[in-house]
Amino acid sequence: MTEESPAPLLSIPAALRRWDLFCRVIDNHGDLGVCWRLACDLAGRGAEVRLWIDDASALNWMAPQGAPGVEVLPWRDPLDDEVPGDVVVEAFGCDPPAAFVARMAARAASGAPAPLWFNLEYLSAEPYVERSHRLASPQWSGPGRGLTKWFFYPGFTERTGGLLREPGLLARRDAHHRAATLARLGLRLGADDPADHALMLLFGYAQPLLPAWLDLLADGHGGTVRPSRGITTTLLVTPGHSERQVRAWLAARGLHRSEAGLEVGALRLHFLPHVSQIEFDRLLWACDLNLVRGEDSAVRAIWAGRPMLWQLYRQDDGAHAPKLEAFLDLALQGMPAPLARPVAEMMRLWNGLESPARLPAVWAQLWPLLREGWGAACRQRAARWALQPDLGSALLAEALARSGHGTPATS
């Protein structure tokens, strides 16, 4: 069994029971993914959560059953009877509606306790995160004049807000049955697949390197695997950017079939439907390599304890490059150099930060490491980071401390 820090046994007082969480969907539903998981986590601890969202359509497949204690509301000015809760969380600086913030300020002006106001920031391992976590942002003007907003940063160290990890997640991972997950999605691996066959999940943004990487998989990992060995990779392809690119690659090879699964050389492809967050977690647990994007799926891939390649959201100013290097500095700690070097180089390749000409050589180094140490290192990293407080526990503890209902917070 994997050890993890238990969620602090904090009771939520009535004065902090009601939470408002605001989220805007930018373009890829990742912000909504983070906010839905946080809302469910808080509700599971006894909070009553209202999730205000400008586009909730993705919840139809992301969380089709909803969640007890979570109410989803459209992004709009509050109705007459919708008063601010005890804690307000705006995700990623999305700025709640001015009318809602004005009601928060009016509550404080009336002499009642002001709602606690947190700005949940994006995840990063860069040094500024520890410096900025828990800083105050007094509101000197605007509808929130007189209030204080507090910055809350997720992160990978104890001097940050931690990573989202609901209680019991790793225990559920350890009890997971791979065959059952694959069967539910109609996936059956070949009985004649070689012993080192790898199951991989592809969930990404537009990826310039993808066609060349698919060529390597189809050709038996750049010729390192004899074609007579049959299928060496099964790739599960998610809807969106990844599916469009893979189908374009197939078309370039003269293959225009639309079925969910097909084989190209040593590569078996299976196109997935949209799946719920619960099912997505199970897929991450089932795969030998997870190629993920953005924040929510990267954190879930970390907790899966499986080899992963993280495609960061590309910034025009190149800000994703130092963000990746900061992550690698922490994520590769303790890895032997013969493993850490190709993992780091492949991660840079996957983010457009190395020459694409290096792909065949680097992939040839990584392929055998899926079975020879990479997985064990990822499992150890997940166990190490699970000893730190998770984000939901840390945010709740911060709210208790700021309101005077808990132990004073420390930096």
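**Entry 1: the largest cavity**

I began with the lining of the largest cavity and sorted its residues by class, finding 8 nonpolar, 1 polar and 4 charged. In this sorting Ala, Val, Leu, Ile, Met, Phe, Trp, Tyr, Cys and Pro count as nonpolar, Asp, Glu, Lys and Arg as charged, and the others, Gly among them, as polar.

I note that this is a predicted model, in which local features need pLDDT of at least 70 and side-chain atom pairs count only at pLDDT 80 or more, while totals for chains, interfaces and linings use all residues. Residues are numbered from 1 along each chain as its sequence is written, and side-chain values use heavy atoms, with hydrogens and water left out.

I recorded the terms next. On a 1 Å grid over the protein atoms alone, a cavity is a set of points where a 1.4 Å probe fits but cannot get out, and a pocket is an open set with protein on both sides within 12 Å along at least five of seven lines; lining residues have an atom within 4 Å of a point. Grid points are joined across faces, edges and corners, and a volume is the space filled by probe spheres set on the points.

I found 3 cavities of 30 Å³ or more by this rule. The largest cavity holds about 100 Å³ of space. Its lining has 13 residues, and those closest to its centre are Val34, Leu164, Glu295, Val299 and Leu391. H1 and H11 are the elements that give two or more residues to this lining, and H11 gives the most, with 3 residues. Helices (H or I, at least four residues) and strands (E, at least two) are DSSP runs, numbered from the N terminus.

**Entry 2: the second largest cavity**

I read a volume of about 60 Å³ for the second largest cavity. Among the residues that line it are Met308, Phe327, Trp374 and Arg381. H12, helix H13 (337-350) and helix H15 (374-385) each supply at least two residues of the lining. By class, I found 10 nonpolar residues, no polar ones and 1 charged.

**Entry 3: the largest pocket**

I turned to the largest pocket, where about 1,000 Å³ of space lies. It is lined by 46 residues, of which Asn28, Gly30, Tyr205, Arg293 and Gly294 are the closest to its centre. H1 gives the most to this lining, with 6 residues. The lining divides into 22 nonpolar, 15 polar and 9 charged residues.

I looked up Phe92 and Asp95, which lie in the loop between S4 and H3. Phe92 has a positive phi near 60 degrees, and Asp95 has a positive phi of about 60 degrees although it is not a glycine. Most residues other than glycine have a negative phi. Phe92 counts as buried at 11% relative accessibility, whereas Asp95, at 48%, counts as partly exposed. Buried means under 20% relative accessible area, exposed over 50%, and partly exposed in between (1.4 Å probe, protein chains only).

In H3 (residues 98-109) I listed Phe100, Val101, Met104, Ala105 and Arg107 as buried. Seen down the axis of H3, these buried residues fall within an arc of 155 degrees (taken from the directions from the helix axis to the C-beta atoms), so they line one face of the helix. They pack against strands S1 (18-23), S2 (48-53), S4 (87-91) and S5 (116-120), contact being heavy atoms within 4.5 Å. Just after H3, I noted Gly111 with a positive phi of about 100 degrees.
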